[in-house]
Amino acid sequence: MERAVLQITLFGLLLALAATQPNKDDWDIYSFHINSTVTSRYATTVITSRMANRMDKSKEIEFHVRIPKNAFISKFRMFIDGQVYDGIVKGKEKARQQYTEAVSRGQSAGLVSSVGRTLEEFKTSVTVAAHKKVTFELTYEELLKRRLGKYELQIHARPMQPVKSFKVDVHIHEESGINIVEVKGGLALADAINKTHADNEVWVNFYPTEDQQKTCTSCGEQGLNGDLVIVYDVNRDSGLGDIKTSAGYFVHHFAPSSLTRISKNVVFLIDRSGSMHGKKMQQTRLALIHILNDLSEDDHFGLITFDGSISYWKRELVQANQRNLESAKIFSRNIRESGATNINSAVLEGASLLNAHPREDSASILILLTDGDPTSGVTNLEQIQSNVRVAIADKFPLYCLGFGFDVNFEFLEKMSLQNNGVARRIYEDSDADLQLKGFYEEVATPLLIDVTMSYNGGTNLTQTEFSQYYNGSEIVVAGKITDNDIGTFTPQVVAISSSKKMTFSNPNGTVESTGTESADQIQRVWAYLTVKQLLEKELLLSGAEKENVKREALELSLKYSFVTPLTSMVVTKPEGGDTEVLHKPKEGEAPRHPNIGSSGSVMHFFVPDALPVPQGLPDDGVSSIQPRGFAPGAGSVMYNSAGSVMHNFGARQASPGARQGLPGPPAYGYGGMDYGRVSSKKRKGFAPGVVFASIAPTQVHATIVPGKDKIPVSHRFLLKAENQSLPLCFDVTGDVRLKLLHHPTSELSVHGELHSVTNGGFRRIVIQLNADLYVDVELNKITVREGSRITHHTGQDPITAGSWTIIRRDKEIDVAGGDTHLVILIQGKDAQSFLWPVLRQQSSDSAEGILGQLSFFVVCALCPALNPVYEEVPQIPFTKLRIKDQEIDVTRANAADYSISPPLTLDCWLLSADSALQRRLEAFIV
């Protein structure tokens, strides 16, 4: 086994820019979180930015994110006033039409589109009402490419202001094992980074304070502006590689080690036209000298420079010995720029040089560097491409490096793809010479040529033939397994190495199902690769063939919600919905008051002195109060501005499910109502126990509450439903102890003891790791019991319990071991603080317990049977949901999602716990 250094340059995570003009007195990014999970090279990243308008008038706030060119955005959501607005991926033209229609209606809309051939930028903006908030959530996916023995996933953070809650969480899981972990980069502040390494997993957490956000290498008063880089090392072998299969799909990572390098023949074609004058040429000369120093003595090379004419260093390939290298360096130092650009003649001469000097047991490479369009000789782009294709004839790859942005990069890219190579843009920065040298290093060491990947029993395969495999790179193939018959699925790789033919195969003849990756992930890797390669293929075709390939790529992009060059994502509020936050007033229209609801009413609520304010009322005094024994939202009364009763809607008895459960806790509103601030001011002429509504200038609902009714202690939980309009929610009464998680096949179990305060979360979490090992988590201490030995921990030093690691931070506690990662968030403030568990990852799909179902379970795809699927059955006066052939009475309510910090309030369908969990609640009570 050989270790291959894998560097994650956290650029995959993001170049995120969430800002308008940075004036923190106008608006505030109070939370900016990035969470990235990398599993077997496939990265899924979620960026969540929470912003508040601090002004006394509406303000347009922009969310602007740049992501890696190889990434596909797959989800975007906006959270506004408890509502969730999802972006919809459509064909580019349909998306643009919907975007235009939304803008013409005065609605705010967001548009994701590609820049050039690959998606580079996402931007949307909303008009946020005075003193209101908006949350943006963006998800993107990327298959990490291996270059120079490393996978690169980079975070570039630039929020344009210090952020109160700035967090980056990265979880890396590699089955082959992770040996060395290093964190560096401009944002690598030692005091703000926590690293946890457990065998084949790594967790990196970056939580800088506001002061630290101003002190990093590239930071200032405007906060973070730089990169975070993770470098890690994994084990590799010299065999067939890593194959993962699940639910009829497979992905094969092939990067054998311990192979003998193949000597190479390389010709460099250097543009010396007038446009290369100055720094470009200085950097090119410097890079070329570095590259010459790196040639091995058994390599052969040639140098050609061109403007309107062609100049040779030598008219034949020569060995890279000391004398020839010194001569080539002198030639390179004396390259002078002038004249036009004859790309056609240069590439044809380079191909001729390689074809005229073939060597057995060697790999040939042609590298072109230019900064502009062809302006001399043959200038028709299609003709040049045709000439080059004939000259090379699939014998060796052509790599094109485009210097700057004046170059026709699409022309270079197409010409490279036609000849088994790739194109790379070289940016006009101070490190351009390092970019050139870095690209050469990627192709400097050929290990295999004429690589053919075959899969007996496989179909719908991605690319399977590769001209060369270089040291430090990786070949990835994905596909479907015919009839999902793993027994007949046999992969094999045949290639030429040095002077012999090599065959890589499984010694057992077949592949076993790994079962460690989710079926959805492997399928998405296949879809990702297929779309990428179809887009490349489409670039090379024309006519009906081109349209067919484009149609296939579009269908896959839409199916998997990928934003590609053929699709766009439109974000807009539903037609006819409340547009308080997104509303863009027409010319001359008075701005809406920040407390105006959908009816245009300003709402102020008063509570008589005789009515006690219920325990558990939130800090801002917003409350919904309803009579015991009635369904939420029942018993509503409408008053006019004089305080007279306009209409009594009539109290209705709650549904049986609601009576068996409990009324919702007082911290939430019901029936879609907007609630103002509760006051103890007495209103003359009304009996105690009535909530009064003073309105201006129209009317609003209020609710009758018996004056001496005691509100029971209740806790509300969210049950997120896959692909449903709203999550489900239900209440649990009392300070009971709940079974949160249990693995039937292991000794792991997690119990949680609810707080005695309404919506107070958990006051204690007990984790049983095995028969004799327990971890007891409370707000102020962590207790580890191992047999008869008991230790108490109150600080932030890492704790080891068997093979598990526990790390306490300011607002969360990480518990990690094996394939399980549990984060216990500390929500609330001071005496009102409580614990809330979030299961980041777990391996068993047969786990039992509430933690496998509720909103704090992030990876619900691992338990699809527990994801509720419902159908709305609109009825008057009730709404019902059909779940598993049962119609259940529900009420529209809302609840806090404590799985994120700070928590977000979401609308939900309220129903009994038994109906939501599809089994008796008692089954989850310990």
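**Charges, a disulfide and salt bridges**

Me: Where is Glu428 found?
Reply: Glu428 sits in the loop that runs between strand E28 (423-426) and helix H7 (432-442). Please keep in mind that this is a predicted model.

Me: And is Glu428 buried or exposed, or only partly exposed?
Reply: Glu428 counts as partly exposed, because its relative accessibility is 45%, and the range for that class lies between 20% and 50%.

Me: Changing topic, how many disulfides does a search of the whole structure find?
Reply: The search of the whole structure turns up 1 disulfide. That disulfide joins Cys729 to Cys908, with an S to S distance of 2.2 Å. The two cysteines come from distant parts of the chain, since Cys729 belongs to strand E42 (residues 728-733) and Cys908 to strand E57 (residues 904-910), 179 residues apart.

Me: What's the hand of the link between Cys729 and Cys908?
Reply: The link is right-handed, with 75 degrees about the S-S bond.

Me: Are Cys729 and Cys908 buried or exposed?
Reply: Cys729 and Cys908 are both buried.

Me: On to charge pairs: how many salt bridges does the structure hold?
Reply: There are 30 salt bridges in the structure. In general, side chains of opposite charge can pair when their charged atoms come close.

Me: What does the side chain of Lys132 meet in a salt bridge?
Reply: The side chain of Lys132 meets that of Asp81, at 3.7 Å from N to O. This pair links distant parts of the chain, 51 residues apart, with Lys132 in the loop between strand E10 (118-128) and strand E11 (133-143), and Asp81 in the loop between strand E6 (72-80) and strand E7 (83-86).

Me: How covered are those two?
Reply: Lys132 is buried, because its relative accessible area is 18%, whereas Asp81 counts as partly exposed because its relative accessibility is 40%.

Me: Which residue forms a salt bridge with Glu326?
Reply: The partner of Glu326 is Lys329, and the closest N and O atoms of the two are 3.4 Å apart. Both residues lie in helix H3 (residues 322-333), where a spacing of 3 residues is about one turn of the helix. Glu326 is partly exposed at a relative accessible area of 33%, while Lys329 counts as buried at 9% relative accessibility.

Me: And what about Lys546, which residue does it form a salt bridge with?
Reply: Lys546 pairs with Glu538, and their closest N and O atoms are 3.0 Å apart. Lys546 counts as partly exposed because its relative accessibility is 21%, but Glu538 is buried, with a relative accessible area of 13%.

Me: Which residues do salt bridges that share partners join into one network?
Reply: That network is made up of Arg41, Glu174, Arg236, Asp242, Lys244 and Glu474, joined by salt bridges that share partners.

Me: Last one: where is Glu786 found?
Reply: Glu786 belongs to strand E47 (residues 782-786), and with a relative accessible area of 41% it is partly exposed. Between Glu786 and Ala801 the C-alpha to C-alpha distance is 8.1 Å, although they are 15 residues apart in sequence.

Note on methods: Residues are numbered from 1 along each chain as its sequence is written. This is a predicted model: local features need pLDDT of at least 70, side-chain atom pairs count only at pLDDT 80 or more; totals for chains, interfaces and linings use all residues. Side-chain values use heavy atoms; hydrogens and water are left out. Helices (H or I, at least four residues) and strands (E, at least two) are DSSP runs, numbered from the N terminus. Buried means under 20% relative accessible area, exposed over 50%, partly exposed in between (1.4 Å probe, protein chains only). A disulfide is a pair of cysteine sulfur atoms within 2.5 Å. A salt bridge is a side-chain nitrogen of Lys or Arg within 4 Å of a carboxyl oxygen of Asp or Glu.
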